[in-house]
Amino acid sequence: MVLTPKESAKLVAGLAKHVFIEQAGVKRLALAVLDGMKTGKIREGNFSSVKIHPKSDDARTVDWIFVLDTLNFSFWTETGASKWRVNGETGYFAFCAAVSRAIDEGKPMWDPRYYSQITQWDAEVIFRGDDNVNIPLLQERINGLHQAGRVLLDKYKGTFAECVKSCEGSAEKLLRLIVREFDSYRDEAEYEGHRISIYKRAQILVGDIWACYEGRGLGEFRDIDSIAMFADYRIPQVLVHYGTMRYSDSLTSKLRSDEPLEQGGREEVEIRACSIEAVERVCEEVRRLIAADSKLGLNPSDINAILIDHYLWDYRRDHAQELEHIPFHKTRTIYY
């Protein structure tokens with residue numbers, strides 16, 4: 001049996017030897033989140049406010065999001081290497097710019113009839129950089145598109161919208177469907193004799209649909225709280241910055257030496273799983289603060305792990321230089 005991401009996170013946090021969650025840091029971050037809610041910085045509509053994200057009024061949107069999240073992994077740059085750039089953007093935004101550019105050039109990137117047969121030459125053109133730097137793991141991205149496209153064509157009428165509709169408003173059901181049907185989303189590992197899951201990309205796919213549609217239409221999920229944060233290699237930097245998470249001396253030394261962590265290894269699993277549990281505790285604390293102060297004009301249901309994740313990811317981008325001294329773990333993998 002595979003534990004859910006939230007179950008996995010709780011288990012790992014209780015057994016972790018290299019990553020620790022600090023209650024003082026949980027409270028510190030909860031206050032920052034609450035402030036973001038009061039100022040309107042944290043809200044459902046932030047996804048669509050990004051100019052290169054698809055908009056909810058586009059008929060292709062849910063399939064466009066599916067392609068984005070099927071390919072949303074491993075954008076970090078080796079130390080000393082040149083960054084992959086598209087239209088001046090780097091990382092995830094370079095990737096979104098490449099997909100958007102391909103659509104503008106007439107390539108139906110949202111259509112599995114197209115991407116299930118995409119060639120390496122096609123992919124090289126689509127993901128060409130501003131210079132001679134290539135996107136990492138190009139062949140793995142091609143493989144993921146081929147497999148996902150075939151599943152949609154064979155079982156879901158050629159559209160991810162059918163997957164969403166078949167789950168009848170349940171985020172948990174959709175999460176299970178994604179990891180069952182699409183191989184590249186099966187982000188699991190062994191830890192202390194347990195089969196645990198992180199499911200970063202599967203969860204972000206559900207979360208992106210919910211956020212894009214602002215909880216309405218195809219994005220209406222009655223159990224959106226079942227989705228945890230999206231454990232990657234950048235958000236832990238912010239959690240360490242706030243003192244919400246702390247690393248052992250040996251792990252800190254390893255990260256500072258730029259030593260890659262093995263995908264599924266103890267240290268990598270602990271960083272990612274404890275990130276999930278830390279955000280769960282922050283969410284609980286924010287809800288407690290809201291419930292204790294009716295003058296805030298907020299409801300505990302106004303916050304969830306998805307919105308906190310968005311806040312942390314934006315914070316990392318907005319304070320990139322300030323956080324540069326905090327090392328992030330480097331694992332070259334298709335899972336995040």
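How many residues apart are R272 and E268 in helix 13? In this predicted model, R272 and E268 lie 4 residues apart in helix 13 (residues 266-292), and they are therefore separated by about one helical turn. An α-helix has 3.6 residues a turn, so residues three or four places apart point the same way. The two side chains form a salt bridge, with the closest N and O atoms 3.9 Å apart. Both R272 and E268 are buried.

A search of the whole structure returns 25 salt bridges. One of the pairs is R176 with E172, for which the closest N and O atoms are 3.3 Å apart. Both residues belong to helix 9 (residues 171-181), where a spacing of 4 residues corresponds to about one turn of the helix. R176 has a relative accessibility of 45% and so counts as partly exposed; E172, at 39%, likewise counts as partly exposed. A salt bridge also links the side chains of E190 and R195, at an N to O distance of 3.3 Å. R195 counts as partly exposed because its relative accessibility is 30%.

Helix 3 (residues 61-70) is mostly covered, with 10 of its 10 residues buried. Among these buried residues are W64, I65 and F66, together with D63 and D69. The elements that cover the buried residues of helix 3 include helix 4, helix 5 (112-115), helix 7 (138-155), helix 8 (160-166) and helix 10 (200-212).

Helix 4 (residues 91-104) is itself largely enclosed by the rest of the structure, because 13 of its 14 residues are buried. At 1.5 Å a residue, helix 4 should span 20 Å, and the separation of its end C-alpha atoms, 20 Å, therefore agrees with expectation. Helix 4 is followed by G106, which has a positive phi near 95°.

The packing of helix 2 against helix 14 was also examined. The axes of helix 2 (residues 23-39) and helix 14 (residues 305-318) come within 11 Å and cross at roughly 95°. The two helices are therefore roughly perpendicular to each other. At this contact, L29, A32 and V33 of helix 2 meet I308, Y311 and L312 of helix 14. The residues of the contact comprise 6 nonpolar, no polar and no charged.

Terms used: Residues numbered from 1 in each chain as written. Predicted model: local features only at pLDDT ≥ 70, side-chain atom pairs only at ≥ 80, totals over all residues. Heavy atoms only, no water. Axes fitted to C-alpha atoms, helices over the stretch in contact; angles between N-to-C directions. Parallel < 35°, antiparallel > 145°, perpendicular 65-115°, else oblique. Contact = heavy atoms within 4.5 Å. Nonpolar A, V, L, I, M, F, W, Y, C, P; charged D, E, K, R; others polar. Expected span 1.5 Å × (residues − 1). Buried < 20%, exposed > 50% of the residue type's maximum accessible area, 1.4 Å probe, protein only. Salt bridge = Lys/Arg side-chain N within 4 Å of Asp/Glu carboxyl O.
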